[in-house]
Amino acid sequence: MTASPAPTTQLDLGGITLTYVPDGEFRAEPGIAYPHGHEDVLTDGLDVLDDDGMLVLSVGAILVTTHDRRVLIDTGIGDRTIPLVRPGADRDAFMRGGMLLENLRALGVRPEDVDAVLLTHLHADHVGWIGDESAGTAPTFPNAEYWVSDDEWEAWADGDGADAVGPRPHELALIATRRRALTDGCEPVDGVVAVATAGHTPGHVAFAVRGSSGRALVVGDALHCPAEVLHPDLVWVGDHDPAGAVATRRAITERVGDGAEVLVGPHFPDAVFRRYRPTVAVPLTELAP
Ligand SMILES: [Zn+2]
């Protein structure tokens, strides 16, 4: 089987629902994504590669819905394609977005209905729909506050926007006008608690979500691929602090190891909602009831 970007999928936790809302897809050369070795683990029955042998990642947002809130965790890439330049490569590597607003609309959610945006971190594929470059300082989600940790904000706020994987100047300007600080353990939305998970970026944050009938952990880019669940020592090319990222991955895989919490990997192909077992991360759709 070959991997595909995940479709719109819902997880009802009881009074709080998570919906994976696709924006697009991400194809990466395995040897570049994991520069310290990968072949054996990526082909180990995981179905994370496409027909050309490229690593497939989903890209989108997690919509959190409660009786009175519509909240997004991350915002995808935006309406654009970011080529990933690889000298001498003969296979296309890219991040492509564009579908988020349309997919939200199909769920009955208009941009003005979103009242908060929780950002795991500020990489380009997570802040892309905050605003439209041509619209200057007009926000896409006019009624939303943006929640970002202080460490993450300080790592990017003084940049010039020249880093291809970082936020663009108009995105930084929009966040600056309405930023709220995420701190470890804070609860920006009832039932959603911030979990400090630095390593991939300096102030990366995951979110623990609790409903009346279940729990989930939205891991952001603390884990990119099911291979990292089984092999938390894998280092992703974009990890700011490789040792810190590995320590965070180990802590998360230990935390979700008893299967009590649904592991939500927004970059995972095919299924972003999974339950972890000591030997395999099983797509939720394949679990026995
Ligand atoms: Zn990402």
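Author: Start with one residue and its accessibility. This is a predicted model, and in it Cys225 has a relative accessible area of 1%, so it is buried.

Reader: Why does Cys186 count as buried?

Author: Buried means under 20% relative accessible area. Cys186 has 15%, so it is buried.

Reader: How many disulfides does a search of the whole structure find?

Author: A disulfide needs a pair of cysteine sulfur atoms within 2.5 Å. The search of the whole structure gives 0 disulfides.

Reader: Now the metal. Which residues coordinate the zinc ion?

Author: For a metal site, list the donor atoms. Here they come from Asp125 (OD), His126 (NE2), Asp221 (OD) and His267 (NE2), at 2.1 to 2.2 Å from the zinc ion. Along the chain, these donors have the spacing D-H-x94-D-x45-H.

Reader: What do His126 and Asp221 tie together?

Author: His126 is part of helix H4 (residues 124–127), while Asp221 sits in the loop between strand S12 (215–218) and helix H7 (226–230), so the pair ties together parts that are 95 residues apart in sequence. Both His126 and Asp221 are buried.

Reader: What is the geometry of the zinc site?

Author: Look at the angles among the donors. Four donors count as tetrahedral if all angles lie between 85 and 135 degrees. The 4 donor atoms of the zinc ion make angles of 86 to 165°, and the site is irregular.

Reader: Where is His204?

Author: His204 is in the loop between strand S10 (192–196) and strand S11 (205–210). With 1% relative accessibility, His204 counts as buried. Its side chain makes a polar contact with the side chain of Thr197, at 2.9 Å. Beyond its neighbours within four places in sequence, His204 is in contact with residues including His121, Glu152 and the zinc ligand Asp221.

Reader: Which residues of helix H6 are buried?

Author: In H6 (residues 169–177), they are His170, Glu171, Leu172, Leu174 and Ile175. The cover over them includes H4, strand S8 (145–149), helix H5 (150–156) and strand S9 (179–182).

Reader: How many residues are in the largest nonpolar core?

Author: A core is read as a set of joined residues. The largest nonpolar core has 27 residues, and Leu18, Val192, Phe207, Val218, Val264 and Phe273 have the most contacts inside it. S11 gives the most to this core, with 3 residues. Another core, of 24 residues, lies apart from it and includes Val21, Val109, Trp129 and Phe141.

How values were computed:
Residues are numbered from 1 along each chain as its sequence is written. This is a predicted model: local features need pLDDT of at least 70, side-chain atom pairs count only at pLDDT 80 or more; totals for chains, interfaces and linings use all residues. Side-chain values use heavy atoms; hydrogens and water are left out. Donors are N, O and S atoms within 2.8 Å of the metal (3.2 Å for Na, K and Ca); water is not among the atoms, so sites may look incomplete. Four donors count as tetrahedral if all angles lie between 85 and 135 degrees; four count as square planar and six as octahedral if opposite donors are over 155 degrees apart and all others between 65 and 115; anything else is irregular. Helices (H or I, at least four residues) and strands (E, at least two) are DSSP runs, numbered from the N terminus. Buried means under 20% relative accessible area, exposed over 50%, partly exposed in between (1.4 Å probe, protein chains only). A polar contact is a pair of N or O atoms within 3.5 Å; within protein, one must be able to donate a hydrogen and the other to accept it, and residues adjacent in sequence count only if both atoms are side-chain atoms. Contact means heavy atoms within 4.5 Å. A nonpolar core is a set of buried Ala, Val, Leu, Ile, Met, Phe, Trp, Tyr and Cys residues joined through side-chain atoms within 4.5 Å.
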